[in-house]
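I kept my notebook open today while looking through a model. Here is what I looked up, step by step.

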Amino acid sequence: TLVGPLKSATDWAQGHGICACIGAALVTTPFAMRAEPEVVGCINVLLKDDNVMIRQAAVDALAQLLIAQSKGEHSDDIGITDQLTQLLGMFQDSSGDIRHRALLVFKSFVKKCPGAVRDQLPVVAPALIACVRSERNITERCLVYAFELINRPETLKAFTSSRPSGVDSATIKQISEYCKRLVSRGAAEESDSEDVLEF
């Protein structure tokens, strides 16, 4: 019902509205919506739209898709990996607002679904550490939740000791030391109420 009009949308406002509706539908009927390949395809296409507002709505819809996939009765690991890759790509968007939004969405996702990215840390961690300089505060919160620094310190230990393929030893050391600094200065316990993205 929504995908057809989205494909024929003639202006950004219409496209943005329909994309927002898809995001809302993923909240109320997540498992029905995630089973529709066209929905996933449309979100991925809209992430590359020229209009910033449409990309932002697509990022929010992607967050709902990730939550549905990770918490569903029949969790789809392949789907999570694909959509997570799309979200990580938005960390390098040309718009600073979109980059920040994508980090907010990622943080909200890993906060709602602890452990959901545990198997994806070899891809997630380098993408996050690359954002520290430009988006320090929100990126640090992402690292706290991705590595479960508050409640599961063994996640960081497992990552560093496994020496994951595709991540060089210097990057592993940088990530490990940065996370340990976050813990030592109490950053893992800091409130992030000001940057919580509500769904």
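Which helices do the buried residues of helix 11 pack against? I found helix 8 (121–129), helix 9 (136–146) and helix 10 (154–162). I note here that the model is predicted.

**Helix 11, length.** I looked up residues 169–184 and counted 16 residues in this helix. From first C-alpha to last, helix 11 reaches 22 Å, close to the 22 Å expected at 1.5 Å a residue.

I listed the buried residues: Thr171, Ile172, Ile175, Ser176, Tyr178, Cys179 and Leu182. Seen down the axis of helix 11, they fall within an arc of 165°, so they line one face of the helix. I reminded myself of the rule behind such patterns: an α-helix has 3.6 residues a turn, so residues three or four places apart point the same way. Then I checked the face turned away from the buried side of helix 11, and it carries the exposed residues Ser169, Ala170, Lys173, Lys180 and Ser184.

**Helix 11, both ends.** At the N-terminal end I found a cap, aspartate 168. One of its side-chain oxygens lies 3.1 Å from the backbone nitrogen of alanine 170. After helix 11 comes glycine 186, with a positive phi near 80°.

Terms used:
Residues are numbered from 1 along each chain as its sequence is written. This is a predicted model: local features need pLDDT of at least 70, side-chain atom pairs count only at pLDDT 80 or more; totals for chains, interfaces and linings use all residues. Side-chain values use heavy atoms; hydrogens and water are left out. Helices (H or I, at least four residues) and strands (E, at least two) are DSSP runs, numbered from the N terminus. The expected span of a helix is 1.5 Å times one less than its number of residues. Buried means under 20% relative accessible area, exposed over 50%, partly exposed in between (1.4 Å probe, protein chains only). The arc is that of the directions from the helix axis to the C-beta atoms. Contact means heavy atoms within 4.5 Å. A polar contact is a pair of N or O atoms within 3.5 Å; within protein, one must be able to donate a hydrogen and the other to accept it, and residues adjacent in sequence count only if both atoms are side-chain atoms.
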